[in-house]
Amino acid sequence: MLQARRVKLVLAGAAALAMAVSLAGAQASPSPVNDLPNPYQTVEGWAKLPDGRAWGSTSAVAVAPDGRGIWVAERCGANNCVGSPLPSVYLFDANGTSTRSFGAGLVLSPHGIEVDREGNVWVTDCACTLGRGVQAPAGAGHQIYKFAPDGKLLMTLGKAGGDRDSTGFWQPNDVLVAPNGEIYVAEGHSSSQGAIARIRKFSKDGKLIATWGQWGKGPNDLDQPHALAMDSQGRIFVGDRGNDRIKVFDQNGKLLHTWYQFSRPSGIFIDANDMIYVADSESGSVGNARTRTDWQRGIRIGSAKDGSVTAFIPDPVQNPPSTSAAEGVAVDSRGVIYGAEVGNRALKRYVRKP
């Protein structure tokens, strides 16, 4: 009886904490969410690139329609693919074996990835992470590519080389394809004053429908919108990374919620049960987030319905010089989590503890 009572008290405490965390999302500065349980164990070295070559940086991971195949866009063994003959897009089977690859010579800096209901693979070329001393070829980058599952290029959005007006992209970060085929793009990788920071909405054939958002630090602004996801209600979740928050919109750009309890979002994934997985790869170590030492990096897990946070996979690296832990995140049909890492140049797998 005493043990059962203790279990009930623990569960009640966890529920109260989850509710408190949910309510904290309405505040500008909630208390750090670092001490929730971690029900996962980490599996390293699961996915093998061809010929045993080393991984480059990757922020892009997605799940195939079968719920088991894993698509990854990887930066050609480095932090960019400029001048590389290597493919940038790979499909891995359930054993971590690469079964397909394509994109060589096309994508400069693969950043975000999306797989639509037909299995087509969408890749954003941010052209924003090339590194010091690396120059992008003239008239290249800042585009979004739609590939058939076999690698055939089906559509290209944006102007090669990029532009800042209404017809092109500048540093597109992520792409989302809704069930009706409409396309959403999160754009702008800089946190500088006056930077591009907006969401674009396109028809399924690539015609611009709407644009919303501008750079800024206010409640209605965006700063480096880095990730996109959609829940079962059709709401659009934007990882407003430079402002350390998630902004939830309807499909016409109306702001519905602002959540701070998931920390600094680099990647967002929402599963079929409206569980939300949010990767924080920068707190305490990158740019203006270096002072954010009270929030630990890692993957926070909770509910997209009410914003409660219920679990946390912490980054084991305490003081990295730059980005660390997962930047992109995806979850397969078995509930296995995949974290795509830029700083550590790896694809990690997280499985439930026995």
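**Salt bridges and a hairpin in a predicted model**

The count of salt bridges comes to 17, a salt bridge being a side-chain nitrogen of Lys or Arg within 4 Å of a carboxyl oxygen of Asp or Glu. The model is predicted, so local features need pLDDT of at least 70 and side-chain atom pairs count only at pLDDT 80 or more, while totals for chains, interfaces and linings use all residues. Residues are numbered from 1 along each chain as its sequence is written, and side-chain values use heavy atoms, with hydrogens and water left out.

**Salt bridges between buried residues**

- Aspartate 231 and arginine 235 form a salt bridge through their side chains, at 2.7 Å from N to O.
- Both aspartate 231 and arginine 235 are buried (buried means under 20% relative accessible area, exposed over 50%, partly exposed in between, with a 1.4 Å probe and protein chains only).
- A salt bridge also joins the side chains of glutamate 327 and arginine 241, with an N to O distance of 3.9 Å.
- Glutamate 327 belongs to strand β22 (residues 326-331) and arginine 241 to the loop between β15 (236-240) and β16 (245-249), so this pair ties together parts that are 86 residues apart in sequence. Strands (E, at least two residues) are DSSP runs, numbered from the N terminus.
- Glutamate 327 is buried at a relative accessible area of 6%, and arginine 241 is buried at 2%.

- The side chains of arginine 264 and aspartate 244 meet in a salt bridge of 2.7 Å, N to O.
- This pair links distant parts of the chain, 20 residues apart: arginine 264 is in the loop between β17 (255-259) and β18 (267-270), and aspartate 244 is in the loop between β15 and β16.
- Arginine 264 has 3% relative accessibility and counts as buried; aspartate 244, at 18%, also counts as buried.

- Strands β12 (residues 198-202) and β13 (residues 208-212) run antiparallel and are joined by four bridges; two strands pair if DSSP finds at least two bridges between them.
- Opposite lysine 201 stands alanine 210 in β13.
- Five residues lie between the strands of this hairpin, and glycine 206 has a positive phi near 90°.

**Threonine 167**

- Threonine 167 sits in the loop between β9 (153-157) and β10 (172-177).
- The relative accessible area of threonine 167 is 59%, and the residue is exposed.
- From threonine 167 to threonine 211 the C-alpha to C-alpha distance is 11 Å, with 44 residues of separation in sequence.
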